[in-house]
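This report covers a strand with its two partners, then a residue in a helix. Please keep the sequence and the 3D view open while reading.

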Amino acid sequence: MAVIGLAFAIMTLGTPLVSATADPEPSLQQLAKQAEKLHEEIGTLAEQYNGERVRLKQAQRAAESAKKTLATSESELATRRTKATLLAQSNYMSGGLNSGLAFTQATDPDTFLDQATTNYALQQQQSEEVAQVGRAIEAAERAQASAKARTSEVKALLEEIEGKRSKIERLVARVESDLFSEVRTRAVSNRGARVKVDVPIVGSGKAAEAARWALTQQLKPYVWGAEGPNSFDCSGLVMWAYQKVGISLPHYTGNQWTAGTHISRNDLRPGDLVFFYSDLHHVGIYIGAGLMVHAPRTGDVIHIATIDNRPFAGGVRIAD
């Protein structure tokens, strides 16, 4: 919760991540660290969100169980009250234990006393059973009220966490926009003269690491069917980069398309594969902020480019 508090304090106090004064602009590495920290905070929030969802399900199950218990107890109470009423009516009709007339008219006083005593015991027993069921109903009502209160509490926590996550995601977008603005400018403006760009990749998993490996191959030539180490085609670069992190992929875009989890463009993270054209004949490795590293075509070299210049077909997540 300390991490969340820090992030939320930044949000509520409105402290800018990039100073608007004459202070030096943050470097790419500093921006990358800021983005990485925000991603960690989102990860923390995500796990808290998952934990609260588990507790919500538990509270909902408890509420449902209490509801069923209450219904059963109310039904049992009605049954026992009916039995007690019938017994009282029967005793009344027969004169009951306190009826002197019934006693004097009985042919066998001992038998009468035995029956009367038995009836009295049954009355006492049923009265206690009715009281027990009444207490069970009270307990079930308390349990149901408690479960409902817990459900409402957890739902409020989920909404709070979701709100914080949304705010942090907006900060991430801001930071990553600054982080990649220079990279994007260079990628778009240097088409005729490719340059190697040192891009800090956000993330610590295998996907991010594969993206870093792919970036090390910048300016190596595209060669049809090549899979390294001196030249690559598009799917060869993807295969080589993921081999470096211990993940084996086929050297074919069609099979790479089915090798992971399909994700939307809005959900892309560094290391995800980005595919283009209806026949999926081109693939690159996403690095963030709408940019990818790829081996484009014969006569060109591996470089960073925007994903906007080709018809986007979809994204695939190979690893976290």
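## Terms and source

A polar contact is a pair of N or O atoms within 3.5 Å; within protein, one must be able to donate a hydrogen and the other to accept it, and residues adjacent in sequence count only if both atoms are side-chain atoms.

This is a predicted model: local features need pLDDT of at least 70, side-chain atom pairs count only at pLDDT 80 or more, and totals for chains, interfaces and linings use all residues. Residues are numbered from 1 along each chain as its sequence is written, and side-chain values use heavy atoms, with hydrogens and water left out.

## Gln-256

Gln-256 lies in helix H7, residues 253-257. Helices (H or I, at least four residues) and strands (E, at least two) are DSSP runs, numbered from the N terminus. Gln-256 is buried, at a relative accessible area of 0%. Buried means under 20% relative accessible area (1.4 Å probe, protein chains only).

The Gln-256 side chain reaches two backbone oxygens: that of Pro-250 at 2.8 Å and that of Ser-235 at 3.1 Å. Beyond neighbours within four places in sequence, Gln-256 is in contact (heavy atoms within 4.5 Å) with residues including Leu-273, Phe-275, Val-283 and Val-316.

## Strand S2

S2 spans residues 273-276 and is covered on both faces. Leu-273 and Phe-275 are buried on one side, Val-274 and Phe-276 on the other. In a regular strand the side chains alternate between the two faces of the sheet.

## Partners of S2

Strands pair if DSSP finds at least two bridges between them. S2 runs antiparallel to S3 (residues 282-288), with four bridges. Phe-276 has His-282 as its bridge partner in S3. Five residues separate S2 and S3 in a hairpin, and Tyr-277 in the turn has a positive phi of about 75°.

S2 is also antiparallel to S6 (residues 312-317), again with four bridges. There, Phe-275 stands opposite Gly-314.

Terms used:
Buried < 20%, exposed > 50% of the residue type's maximum accessible area, 1.4 Å probe, protein only.
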